Structure formats: structure tokens, C-alpha cells
Amino acid sequence: MSERKKKEGKKVSRRDFIKKSAAGLAGAGLATLSMDSLFQWNPALAAEVKAPTFKLEKNPVVKVLRWSGFVKSDEQIWNANTKKWEKETGGKVVTEYLSWEDVRSKAAMEASVGAGHDIVLGWYDDPHLYPDKLLDVSDVATYLGKKYGGWYPVCEMYGKLYGTDKWIALPIGSAGICINYRVSWVKEAGYEKLPSDIEGFIKCCKKLKAKGHPTGFALGHAVGDGNTWTHWWLWSFGGKAVEKDGKTIAINSKETLQALDAAKELYETMIPGVASWLDPHNNKAFLSGQISVTSNGNSIFYASRKKFPEINKDLMTMNFPVGPVGHPAELSMISQAFIFKHTPVPNAAKHYLTFMFEKAQYGKWESETWGYITQTLKDYYNLPAWKKDPRITPYRDCVKRMLWNGYAGPLGPASAAAMSEYVIVDMFADVCVGGKSPKAAAAAAERKLKKFYR
Amino acid sequence: MRSGNAGGGALKAPPVGLLQRKGVLGFLFTLPADIILLLLLAYPFVLGIWLSFTNTIIGRSGSFVGLENYIDLFHSDVFWLTAFNTVLYTVVAVFFKLILGFGLAIVLNKDFKGKGLIRAIVLLPWIVPTALSTIAFWWIFDSNFSCISWLLMHLGLMSHPIDFLGSPVNARISVIIVNIWRGIPFFTIGLMAGLQTINQTLYEAADIDGATPWVKFKSITLPLIMPLLAVITTFSIIWTFADFQLIWIMTRGGPDNATHIFGTFSFQRAIAGGHLGEGAAISAFIFPVLFISVVITSKFLKREA
């Protein structure tokens with residue numbers, strides 16, 4: 001393909017972009033969309049975008065707290081990129097790796113006490129719990145957005161302080177979630193591939209169960225898997241926890257009741273025991289051939305490559321089916337890099353993060369994680385690594401298709417509390433496992449949410 | 001020796017140094033421990049109580065809100081479920097630990113070949129770090145991969161795996177079983193030590209009088225072991241009531257909050273959810289029960305003395 005055609009293929013007129021974005025955003029109810037994300041990406045122009053200059057502190061030591069890699073290559077490449085920065089700047093980086101849930105608790109404590117690491121790679125609402133403890137990183141975010149095609153709209157929700165243009169965090173990547181399924185079993189059920197609409201999806205799952213190949217979706221307190229699929233399900237029917245004003249609780253609606261009724265149908269196709277599932281359970285069940293369909297990050301594909309080749313041959317992935325709402329409405333885990341104000345090396349910290357987001361570093365890092373990390377800057381959508389394997393490709397759309405935790409309200413302590421207390425997960429568990437009526441379950445969820453959002 | 005004094009009165013005692021004064025040296029010896037207790041126990045405790053009266057959120061100092069957090073909890077379904085779970089978990093687990101631990105102590109107190117080795121093996125559940133043993137039980141009680149289910153299915157006794165942790169009732173039973181397994185050695189070893197202090201001549205005299213084993217147990221063993229039993233039971237109540245890691249590893253308080261106890265619910269609300277004030281209020285409910293346990297036990301001990 002000629003260079004001109006490639007550019008034209010990528011080029012989207014500003015009017016088209018606004019039209020399509022407006023349609024999607026109106027449906028999604030997004031209120032804020034910065035001009036940066038409408039910026040028409042052009043490599044030549046991008047090359048002229050000047051990086052902000054940071055006068056590094058003398059002999060800086062940057063302390064970073066981040067989550068342990070889900071795949072081995074993640075940490076290896078991250079560390080290699082870090083060494084590159086150290087060599088180029090003479091600075092030093094001390095990285096502490098913790099399990100992703102422990103990072104959140106530790107970051108919260110450091111925010112409370114005002115001491116500890118300089119940079120944290122947190123998750124979801126973390127920066128919005130203590131925004132006044134964080135450095136303004138608008139300069140870095142604006143530069144990266146201009147250079148790399150703009151941030152996905154959901155990243156602006158996660159990165160910016162609500163109602164302002166101030167960036168308090170840089171969304172660094174999403175541990176994207178997609179549907180994983182067994183191709184041969186879906187064919188056995190009479191389908192060429194799993195349907196991409198929820199109605200067809202449920203029908204196919206019923207046929208899979210009838211053939212002795214149940215599905216499996218976590219209904220226990222699985223922080224990652226439980227929250228992501230239940231939020232996708234709820235939003236796909238038009239349900240939501242709270243309105244845009246962040247005060248009016250919207251969970252007790254006919255859309256939610258429809259979602260709960262449909263979830264009950266899906267639950268009938270599941271393997272017994274999903275109410276006890278934490279995050280590792282669906283991986284184990286899928287890789288041992290006990291379930292035919294689940295939702296997960298790309299760890300199933302990654303693990304099956306070497307250890308379960310038969311499963312790997314039969315595995316396919318796809319983005320979450322679309323529900324009656326008519327557009328993608330997913331939730332994936334998203335990680336954000338933020339810098340505490342208590343850092344003695346603010347310039348070095350910003351310089352380091354900018355460096356790690358640059359194509360030479362970020363491109364390599366993302367390419368080697370086998371689809372586990374989905375990009376937050378649009379330019380990285382076109383990395384060749386996404387085409388390495390068809391099972392990886394759907395994951396590059398995760399951030400593009402997702403909404404944010406606490407949709408349609410703002411991110412903050414209320415949305416964080418609602419997720420940490422599994423309000424949505426338990427609502428579905430109440431109906432599917434507990435036998436509660438959808439009305440009663442929605443009412444119970446409403447009571448809990450009212451407490452958090454008052 | 002007569003003290004010599006030109007004035008004719010008794011000699012004045014030489015002045016006593018500060019370190020020789022009664023109480024001062026003792027105070028100084030206990031000072032390091034007092035400082036540690038003050039800083040690492042008393043201060044966090046008082047801070048926690050204070051936080052429970054505020055609307056503090058992670059990363060933001062809060063303001064005094066009086067009893068608002070407590071009132072909110074009283075209106076929360078999840079709180080009452082948690083309270084129920086905690087009491088159920090403690091009462092059932094401690095009861096079985098006591099009965100089984102006591103029985104095992106009586107058996108192990110006898111003389112038999114290999115008793116040293118058996119006693120060491122009995123201590124293992126207590127020695128193994130809770131997190132590790134809990135992870136093992138998490139596998140044993142897995143809804144799809146349980147070795148118990150596998151065995152029963154292979155023996156033809158069941159057609160499908162047991163959902164150990166997926167139903168509220170089963171999940172509660174499972175976590176209680178794990179707690180009992182872990183806690184039996186504490187009762188066994190402690191009571192065994194107590195049994196060995198009982199004078200054997202009492203049993204010999206009872207034998208002469210033709211007392212049955214039950215009469216010997218009721219009239220000799222139980223009364224003499226009661227003070228130690230009360231202390232051990234109190235400790236067990238405290239540790240079981242304030243448990244955290246076992247529930248957190250196995251179920252995270254699920255399914256549907258059916259296994260949440262005060263410790264896990266408090267952590268979830270305060271640290272995961274960021275609401276420090278509310279989390280502190282939840283954990284404050286642990287204190288009165290423990291305080292009452294200690295008071296009852298110490299009264300009991302004083303009476304026995």
C-alpha cells in the first residue's frame with residue numbers, strides 16, 4: 001500500500017470524527033472531550049511536536065511502585081526501558097513490584113501519610129481518591145496526546161480531574177478483557193463463531209451447555225473478572241449505577257431489570273460453582289477444558305501457548321458482544337501512572353514517565369506483552385505486534401470500546417467504594433445464585449449505592 | 001555492731017541512689033516495652049477510635065461527624081450480615097476447637113510409643129503460616145478441582161463436585177472447618193501442659209474409690225484445668241473474632257458477603273474502598289466483644305484464685 005494511501009486510510013476528517021464520536025459519546029453519556037483527542041494524527045507533524053523540557057534534579061533517584069507483570073516479558077522490557085533512561089540521564093530508578101491489588105492499598109497509604117514512592121502505577125479510580133496529593137501532569141499528557149494521535153476518550157475521564165482539563169494521571173495501559181472461547185465447541189453448537197450480539201451470544205451459550213460445554217463467568221468477589229463482565233452486562237442493556245451528576249442513583253431501572261433477567265439466562269449455561277470464583281478460577285477452568293466460554297485478559301492465550309497447546313489451537317478471542325444499547329459498553333482494568341506531590345524529584349519523575357511513553361520504549365513494551373496491555377494512545381493501535389496472532393488482535397480495541405468505572409457519574413471515592421464492595425457483582429449474584437428477584441436485587445444495590453454517593 | 005555516733009542516736013542510713021529506689025528500676029526495665037506498646041498498640045487504637053468519628057477518606061483528612069458512621073452501619077444490611085457471620089464463625093469454631101482440642105489433649109497426655117512424634121505432628125497446623133495453609137484449603141475446597149470431590153466422584157458416591165465455597169452455607173462451613181483445623185493445636189498443646197500439672201495421686205485415690213473415667217474427668221480434671229481452659233478459650237475467641245487472612249484468602253468475604261467478618265469488611269471498606277472513617281467504625285465493633293471476654297475471664301480467674 002502506498003504511503004499516501006496508508007495516510008488516507010488513517011486520515012479521518014475532523015467532521016467525520018466529530019460525528020462518529022458524538023454519536024458514540026451521546027450514547028455513552030460522556031461529557032468531556034478535549035480538543036487534543038480530535039487532533040488529526042500526522043507523523044510528520046508529530047515529529048515536530050516538542051517534548052516538554054524538564055530540568056532534572058541533581059543525581060535523581062526515582063522510586064516507582066508498580067504492579068507485578070501478568071506476563072514475564074512485561075517486567076523484563078519495563079526494566080530494560082528503565083535502564084535506558086538511567087543511562088541517558090544519569091538518574092537512578094528503584095522499582096518495587098507488588099501484586100496489583102497490593103499496589104492500590106500501598107499507594108493509598110502513601111497518599112495518606114505523604115511519603116513513599118514518587119511514581120505509582122495504580123488502577124481505576126486511584127488518582128481520584130487523592131487528587132490533591134498528585135502532581136499536575138498536563139504538560140506530559142498534552143505532549144503525548146499531540147504526538148501519538150490523542151488519548152482515547154475514556155482515558156481523558158481517567159486521567160483528568162473531573163470537570164477540569166487538569167491531568168492528574170497518565171493512563172498507561174489497560175489489562176484488556178475479551179471473550180475467550182473454544183472454536184470447535186462453538187462449531188459443534190452450530191455456529192461458525194460466537195455471535196457478537198448479546199441475544200445471539202446467550203442462544204449460543206445455551207446450545208453449548210446442551211452439548212455438555214458450559215460457560216463460566218465469575219460471580220464471586222473476583223476483583224478483575226467479576227467486576228468487568230458484570231459491568232459490561234449491565235451497561236450493554238442500558239443500565240448504570242449513577243447518573244452523570246454523580247448523585248442520582250440510576251441502578252433501579254427497567255434496563256437493569258432486563259440485564260438481570262438476561263444474566264439469569266446466561267447463568268443457566270454456566271458450570272456450577274461460579275459464585276465462589278475469584279480471579280484465577282476461570283483461567284483454570286478454561287485451561288482444563290471444563291468451560292467453553294469466559295471473559296479474561298490475554299493470560300489464557302499466553303499460558304496455553306506453551307503449556308496447553310491443544311487448547312491454544314482451539315482458542316479464539318473476541319470483543320464483548322454488543323447489547324440492546326447498540327454500542328460497545330465494556331469495562332476493562334486500566335492502569336494509571338501518577339506522581340505524588342511529596343516527590344523530591346518531580347522533574348525527573350515527569351521526564352521518566354514521558355520517556356517510558358515514547359514509541360521506542362512503549363512500543364517495545366506493549367509489543368512484547370502478547371496483547372496483555374492495551375494502549376491508551378491511539379497511535380499504538382497500529383503496532384505490528386497486534387497482528388502477531390489473531391487471538392491478540394481483539395485486545396487492541398479494549399480501551400476504545402470501554403466506559404469507565406462508575407459510569408455515568410464521575411470517578412472518585414464513591415465509584416471506588418462501589419467497586420471495592422462488589423455492589424454490581426453482588427447484585428448479579430443475588431439474582432443468579434441467591435434466587436432474589438431482579439427487583440429486590442436492584443433495590444438492594446440501590447440502597448448500597450445511595451450510601452456511597454450521598 | 002553498735003553504731004558509733006557522738007550524738008548518741010542511730011546512724012542515718014546512707015542515701016539511696018535513684019536506681020535503687022523501689023519501683024524506679026522496675027519502671028525503667030519495663031519502659032522499652034511500654035514505649036512499644038504505647039506507639040504500636042495504644043496510639044493506633046486511639047487513632048482508630050477517633051477516625052471512626054470522622055468522615056476521613058484516603059488521602060484527605062476528614063472532619064468530626066459524631067456517631068454518623070455508626071448510625072449508617074446500623075442501617076446497613078451488609079453490616080448486620082457481617083455481625084452475624086462474625087458471631088457464628090467465632091462461636092462455632094471456638095466450640096469445636098475446645099471440644100476437639102481438649103479430647104486430643106487427654107489422649108496425647110497418655111503414655112504411648114511415639115507420643116513425642118505425634119505431639120509434634122499435631123502442632124503442625126499451628127506452625128504452618130496461616131496464609132499457606134489457607135491457600136492449600138482453597139485448593140481443597142475448589143468448586144471444580146477439589147480433591148475431596150474428585151475422590152467422592154471416583155468412589156461413585158457423588159456425581160458432581162461439591163460447591164464448597166459457592167453457596168453461603170457451604171462457604172461458612174468451609175471457612176469454619178479451616179479455622180478449627182488451624183486452631184486445635186493451640187488448645188491441645190496448652191491443655192496438655194495443664195493436664196500434666198495435675199497431681200496423679202488424685203487419680204489414684206479416685207481409682208481406689210472406684211470412680212469411672214467420666215467421674216474422674218468431671219470431678220478432678222475439669223475443675224483443676226478450668227483456669228487454664230478459660231485463658232486459652234479467651235485467647236481463641238479474641239483471635240477468631242479478629243480473624244482476617246483466612247477469610248480474605250479463601251473467599252474475600254463472598255459469596256455475596258456471606259463470609260464477611262468484621263476484619264475483612266473493615267479492610268474492604270477502609271483500604272480497598274478508601275473510606276477510612278467507616279472502616280475504623282466497623283473494626284471498633286471488635287473491641288467491646290474482646291473487652292468483655294477478657295473481663296469475664298479475669299473475674300473467673302480471680303474467683304478461682
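Which residue is the bridge partner of A:Ser174 in S9(A)? The partner of A:Ser174 is A:Thr374, and that pair is a handy way into this predicted model. Chain A contains 21 helices and nine strands, and it is divided into domain 1 (31–175 + 332–401) and domain 2 (178–331 + 421–453).

**Chain A at a glance**

- Chain A has 454 residues, and 55% of them are buried.
- Among contacts in chain A with a separation of 6 or more, 76% are between residues 24 or more positions apart.

**The six-stranded sheet**

- Six strands of chain A make an open sheet with mixed pairing, and their order is S2-S1-S3-S8-S4-S9.
- Its edge strands are S2 (92–98) and S9 of chain A, each of which pairs on one side only.
- Helix H5(A) packs on this sheet and touches strand S1 (61–67), S2 and strand S3 (119–123) of chain A. The direction of H5(A) makes about 120° with that of S3(A).

**Strand S4 and its two partners**

- Strand S4 of chain A covers residues 170–175, and six of its six residues are buried, so S4 is largely enclosed by the rest of the structure.
- One partner is strand S8 (residues 333–339) of chain A, which runs antiparallel to S4(A) and is joined to it by five bridges.
- The A:Ser174 and A:Thr374 pair from the opening belongs here.

**The three-stranded sheet**

- A second open sheet in chain A has three strands in the order S6-S5-S7, and its pairing is antiparallel.
- Strand S6 (293–296) and strand S7 (315–318) of chain A are the edges, each pairing on one side only.
- From one strand to the next, the twist averages 30°.
- Strand S5 (residues 178–182) of chain A is joined to S6(A) by four antiparallel bridges, with A:Ile179 standing opposite A:Ser295.
- Four bridges also join S5(A) to S7(A), again running antiparallel; here the bridge partner of A:Tyr181 is A:Met316 in S7(A).

**How the two domains meet**

- The C-alpha centres of domain 1 and domain 2 of chain A lie 29 Å apart.
- Between these domains, 17 residues of domain 1 of chain A are in contact with 18 residues of domain 2 of chain A.
- The side of domain 1 of chain A that touches domain 2 of chain A has 11 nonpolar, two polar and four charged residues.

**The largest nonpolar core**

- The largest nonpolar core holds 188 residues, and the members touching the most others are A:Leu219, A:Phe428 and A:Leu449.
- Domain 1 (31–175 + 332–401) and domain 2 (178–331 + 421–453) of chain A each contribute at least three residues to this core.
- Which residues does A:Leu449 contact, once its neighbours within four places in sequence are left aside? They are A:Ala241, A:Val242, A:Ile249, A:Ile251, A:Ala418 and A:Val423.

**Where chain A meets chain B**

- The contact takes 31 residues from chain A and 29 residues from chain B.
- Five helices of chain A, namely H5 (100–113), H13 (279–287), H19 (413–420), H20 (423–432) and H21 (438–453), each supply at least two residues of the side that touches chain B.
- By class, the side of chain A that touches chain B divides into 16 nonpolar, nine polar and six charged residues.

Notes. Residues numbered from 1 in each chain as written. Chains lettered and ligands numbered in written order. Predicted model: local features only at pLDDT ≥ 70, side-chain atom pairs only at ≥ 80, totals over all residues. Domains from an automatic or database assignment. Contact = placed C-beta atoms within 7 Å. Nonpolar A, V, L, I, M, F, W, Y, C, P; charged D, E, K, R; others polar. Buried ≥ 20, exposed ≤ 12 C-beta atoms within 10 Å, placed from the backbone. Pairing = 2+ DSSP bridges. Core = buried A, V, L, I, M, F, W, Y, C linked by C-beta atoms within 7 Å. Axes fitted to C-alpha atoms, helices over the stretch in contact; angles between N-to-C directions.
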